[in-house]
Amino acid sequence: MVIAIINQKGGVSKTTTAAALGAGLTLRGYKVLLVDLDAQGNLSYSLGAEESNFTTIDVLTKKVKAADVIQHLEQGDLLPTSPELALADKLLGDTGKEYRLKEALKPVKGNYDYIIIDTPPALGVLTVNALTACNGVIIPAQADVFSLQGISQLYATISAVKQYTNPSLKVMGLLLTRFSGRAVLSKNIAGVMEQTAKELDTKLFNTTIREGIAIKEAQISRQSIFEYAPKSNTAQDYSDFIDELIQG
Ligand SMILES: Nc1ncnc2c1ncn2[C@@H]1O[C@H](COP(=O)(O)OP(=O)(O)OP(=O)(O)O)[C@@H](O)[C@H]1O
Ligand SMILES: [Mg+2]
């Protein structure tokens, strides 16, 4: 199962969700590969990636095989990124550029139960590569109205990918993140999100991820949330989310 975490809006917990999924699924005994498809490298950083000569961009440009770039870290297996990935639009050329990640993952796919792809806050060639390579998409979104504005644009991209490069792509659902349930506003937004999900022919996951300080501390100390603060709200919420995800 290949899952892409997508939202072109910045700071909505894509990377946090990718890392938590990776750690939580690994704890449950699954073999997981995390793919950092963002030049910012937040996922690579929070997993404690080692410096390396080759990264995702070299895999996408077919300079090296994915298997030679994957790092086996304490938090799990990672295909790390580097700032050069920002040049992907220029470096990938035209023919078949949407399929590069899918092709690159093919030889290693059999080694994993789950491959989780973290994507940049943009709807460019990298996001299209992720959408083409995956079976399912999770859309994290924050409880604010601007978070919702971009979702119809995101859906246009998803529809195009379904039409041209990945007909069986499934939107698994919208995940409400950084939720502060006490605010009346957040509650209203949750209702609006549910409606948005329906209109887009997907669902709002039952689990919402609450806002909590532990996640930032975990990221700074380069530990997973389950390792750093297993009793925190965030760890509990992500654990519930993984259960919900596995149960389908
Ligand atoms: N549940 C949470 N509680 C508190 N802070 C959170 C939570 N989830 C994420 N954050 C913080 O919010 C910020 C953005 O999160 P994250 O980097 O995961 O978003 P992103 O969507 O990957 O951003 P980008 O679009 O820049 O890649 C980070 O500083 C992260 O520590
Ligand atoms: Mg990110």
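A residue is termed exposed when its relative accessible area is over 50%, buried when that area is under 20%, and partly exposed in between. The legends below apply these terms to a predicted model.

**View 1. Salt bridge between D58 and K63.** The side chains of D58 and K63 form a salt bridge with an N-to-O distance of 3.3 Å. K63 has a relative accessible area of 58% and is therefore exposed. D58, by contrast, is buried, because its relative accessible area is 8%. This contact is one of five salt bridges found in a search of the whole structure.

**View 2. Salt bridge between E103 and K62.** A salt bridge joins the side chains of E103 and K62, with N and O 3.2 Å apart. E103 belongs to helix 6 (residues 100-109), whereas K62 is in the loop between helix 3 (56-60) and helix 4 (66-69), so the bridge ties together parts that are 41 residues apart in sequence. E103 is partly exposed at a relative accessible area of 40%. K62 reaches 56% relative accessibility and so counts as exposed.

**View 3. Salt bridge between D243 and R28.** In the salt bridge of D243 with R28, the closest N and O atoms are 3.0 Å apart. D243 is located in helix 13 and R28 in the loop between helix 1 and strand 2; the pair therefore ties together parts that are 215 residues apart in sequence. D243 is partly exposed, with a relative accessible area of 32%. R28 is also partly exposed, its relative accessible area being 31%.

**View 4. Aromatic pair of Y30 and Y114.** The model contains two aromatic pairs. In the pair formed by Y30 and Y114, the ring centres are 5.2 Å apart and the planes stand at 90°, an edge-to-face arrangement. Y30 is in the loop between helix 1 (14-27) and strand 2 (32-36), and Y114 is in strand 5 (residues 114-118), so the pair ties together parts that are 84 residues apart in sequence. Y30 is partly exposed, with a relative accessibility of 28%. Y114 has a relative accessibility of 13% and counts as buried.

**View 5. Aromatic pair of F205 and F241.** F205 and F241 form an edge-to-face aromatic pair, with 4.9 Å between centres and 80° between planes. The loop between helix 10 (184-199) and helix 11 (214-220) contributes F205, and helix 13 (residues 233-247) contributes F241, so the pair ties together parts that are 36 residues apart in sequence. Both F205 and F241 are buried.

**View 6. Packing of helix 1 against helix 13.** The axes of helix 1 and helix 13 are 10 Å apart and cross at an angle of about 75°. Helix 1 is therefore roughly perpendicular to helix 13, since angles of 65 to 115 degrees fall in that class. On the helix 1 side, T16, T17, A20, L21, G24 and L25 take part, and they meet Y238, F241, I242, L245 and I246 of helix 13.

**View 7. Arginine R222 over the ring of Y45.** The charged end of R222 is placed over the ring of Y45, at 4.0 Å from the ring centre.

**View 8. Surroundings of L34.** L34 is part of strand 2. With a relative accessible area of 2%, L34 is buried. Apart from neighbours within four places in sequence, L34 contacts A18, G22, L43, L47, D77, L78, L79 and I116. For L34 and L79, which are 45 residues apart along the chain, the C-alpha atoms are separated by 6.3 Å.

**View 9. Surroundings of F54.** F54 occupies the loop between helix 2 (42-46) and helix 3. F54 is partly exposed, its relative accessible area being 37%. Its contacts, leaving aside neighbours within four places in sequence, are K63, V64 and V69. F54 and A66, 12 residues apart in sequence, have a C-alpha to C-alpha distance of 9.6 Å.

**View 10. Burial of helix 7.** Nine of the nine residues of helix 7 (residues 125-133) are buried, so this helix is largely enclosed by the rest of the structure. The buried residues of helix 7 are V125, L126, T127, V128, N129, A130, L131, T132 and A133.

Note on methods. Residues are numbered from 1 along each chain as its sequence is written. Chains are lettered from A and ligands numbered from 1 in the order in which they are written. This is a predicted model: local features need pLDDT of at least 70, side-chain atom pairs count only at pLDDT 80 or more; totals for chains, interfaces and linings use all residues. Side-chain values use heavy atoms; hydrogens and water are left out. Rings of Phe, Tyr and Trp (its six-membered ring) pair if their centres lie within 6.5 Å; planes under 30 degrees apart count as stacked, over 60 as edge-to-face and the rest as tilted. Helices (H or I, at least four residues) and strands (E, at least two) are DSSP runs, numbered from the N terminus. Buried means under 20% relative accessible area, exposed over 50%, partly exposed in between (1.4 Å probe, protein chains only). A charge sits over a ring if NZ of Lys or CZ of Arg is within 6 Å of the ring centre and within 35 degrees of the ring normal. A salt bridge is a side-chain nitrogen of Lys or Arg within 4 Å of a carboxyl oxygen of Asp or Glu. Axes are lines fitted to C-alpha atoms, for helices over the stretch in contact, and angles run from 0 to 180 degrees between N-to-C directions. Angles under 35 degrees count as roughly parallel, over 145 as roughly antiparallel, 65 to 115 as roughly perpendicular and the rest as oblique. Contact means heavy atoms within 4.5 Å.
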